[in-house]
Amino acid sequence: MELERPINFSSEQCALWVIESPKKFAEYVQELCVQQAGGEGRFVLSENDKEVNFEKYVEIVINPFSVDINDKRILGKLYKELQQKALGETMYLHTQKIISALNQYFMELEQQETYFLTVDEEIDMTAIFKAMGVKVESYADNYIQNISQYMKLIAELLDKKVMIFVNLRSYMEIEQIEEIMKEAVYNGIEVLFIESNQKNFPKGITQYIIDNDICEI
């Protein structure tokens, strides 16, 4: 509420927010991270003047090298989708054959032991996926492609709508930023770049600046 105007961006128009004051930069980025993790904060995310869930729709990237296409949130949602398909009409009979084969396997194992074994009648398919080490295969040759694949996954699996990149220009040339922007548009993700100082950015980005004197430009 202390800001004079809202920061507007859309799938067609990215925004750049430059916060030159180190104090405010740290304060705002920390608060955004807290809210993205489900905590309380002063930022409000809205669409068509209606507030939407910040934690649900926003993803923040501070370190582009630490982006993990197989983090637990992505894998958790992936396993749920795979389980639904495994038990769906197309794969149901095949899944039941596998479960039956597993039960038979444990019965044969039991015969090799001097004690009895019990097996749950309802097999958790997600446990099988974890045991088999099911993961998303990376097609990235570098961290930029890895970010692009990450955006696709969080849009499709986690239903994320907004990506906030912090100081990304420090790691990328303008052409690489443009590549990220194109990938975001392709995946229906809106992008806000936050930078600690002014750098050249691709044309057409709406800019908001808070200078060292805490004045909005």
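Biologist: Which residues line the second largest pocket?

Modeller: This is a predicted model, to begin with. In it, the second largest pocket is lined by Ala86, Met91, His94, Thr95, Ile98, Leu102, Met125, Ile128, Phe129, Ala131 and Met132.

Biologist: Which helices supply at least two residues each to that lining?

Modeller: Two helices do. They are helix H4 (92–110) and helix H5 (125–131).

Biologist: How many of the lining residues there are nonpolar, polar or charged?

Modeller: The second largest pocket has 9 nonpolar and 2 polar residues in its lining, and no charged ones.

Biologist: And how much space lies in that pocket?

Modeller: About 170 Å³ lies in the second largest pocket.

Biologist: Now the largest pocket. How much space is in there?

Modeller: About 890 Å³. The lining of the largest pocket is made of 27 residues. Pro6, Ile7, Val44, Leu45 and Ser46 lie nearest its centre.

Biologist: How does the lining of the largest pocket divide by class, then?

Modeller: It has 18 nonpolar residues, 3 polar and 6 charged.

Biologist: Changing topic. What is the order of the strands in the open sheet?

Modeller: The order is S4-S5-S6-S1-S7. That is 5 strands, with parallel pairing.

Biologist: Which strands stand at the edges?

Modeller: Strand S4 (58–61) and strand S7 (206–210). Each has a single partner strand, so one side of each has no neighbour in the sheet.

Biologist: What about the twist from one strand to the next?

Modeller: The twist averages 15°.

Biologist: What holds paired strands together in general?

Modeller: Strands of a sheet pair through backbone hydrogen bonds.

Biologist: Back to this model. How many bridges join S4 to S5?

Modeller: There are 4 bridges, and the two strands run parallel. If you want a spot to look at, find Ile60, which stands opposite Ile164 in S5.

Biologist: What does H1 touch when it packs on the sheet?

Modeller: H1 touches strand S1 (15–19), S4, S5, S6 and S7. The direction of H1 makes about 135° with that of S4.

Biologist: Aromatics next. How many aromatic pairs does a search of the whole structure find?

Modeller: It finds 9. One of them is Trp17 with Phe43, an edge-to-face pair. Their centres are 6.2 Å apart, with 75° between the planes.

Biologist: Which parts does that pair tie together?

Modeller: Trp17 lies in strand S1, and Phe43 lies in the loop between H1 and S2. The pair therefore ties together parts that are 26 residues apart in sequence.

Biologist: Last topic. How many cavities of 30 Å³ or more turn up?

Modeller: The search of the whole structure finds 1. The largest cavity has a volume of about 60 Å³.

Biologist: What lines the largest cavity?

Modeller: Trp17 again, together with Leu3, Arg5, Ile7, Tyr208, Ile209, Ile210, Glu216 and Ile217. S7 gives the most to that lining, with 3 residues.

Biologist: And what classes are in the lining of the largest cavity?

Modeller: It has 7 nonpolar and 2 charged residues, with no polar ones.

Definitions and conventions. Residues are numbered from 1 along each chain as its sequence is written. This is a predicted model: local features need pLDDT of at least 70, side-chain atom pairs count only at pLDDT 80 or more; totals for chains, interfaces and linings use all residues. Side-chain values use heavy atoms; hydrogens and water are left out. On a 1 Å grid over the protein atoms alone, a cavity is a set of points where a 1.4 Å probe fits but cannot get out, and a pocket is an open set with protein on both sides within 12 Å along at least five of seven lines; lining residues have an atom within 4 Å of a point. Grid points are joined across faces, edges and corners, and a volume is the space filled by probe spheres set on the points. Ala, Val, Leu, Ile, Met, Phe, Trp, Tyr, Cys and Pro count as nonpolar, Asp, Glu, Lys and Arg as charged, and the others, Gly among them, as polar. Two strands pair if DSSP finds at least two bridges between them. Axes are lines fitted to C-alpha atoms, for helices over the stretch in contact, and angles run from 0 to 180 degrees between N-to-C directions. Contact means heavy atoms within 4.5 Å. Rings of Phe, Tyr and Trp (its six-membered ring) pair if their centres lie within 6.5 Å; planes under 30 degrees apart count as stacked, over 60 as edge-to-face and the rest as tilted.
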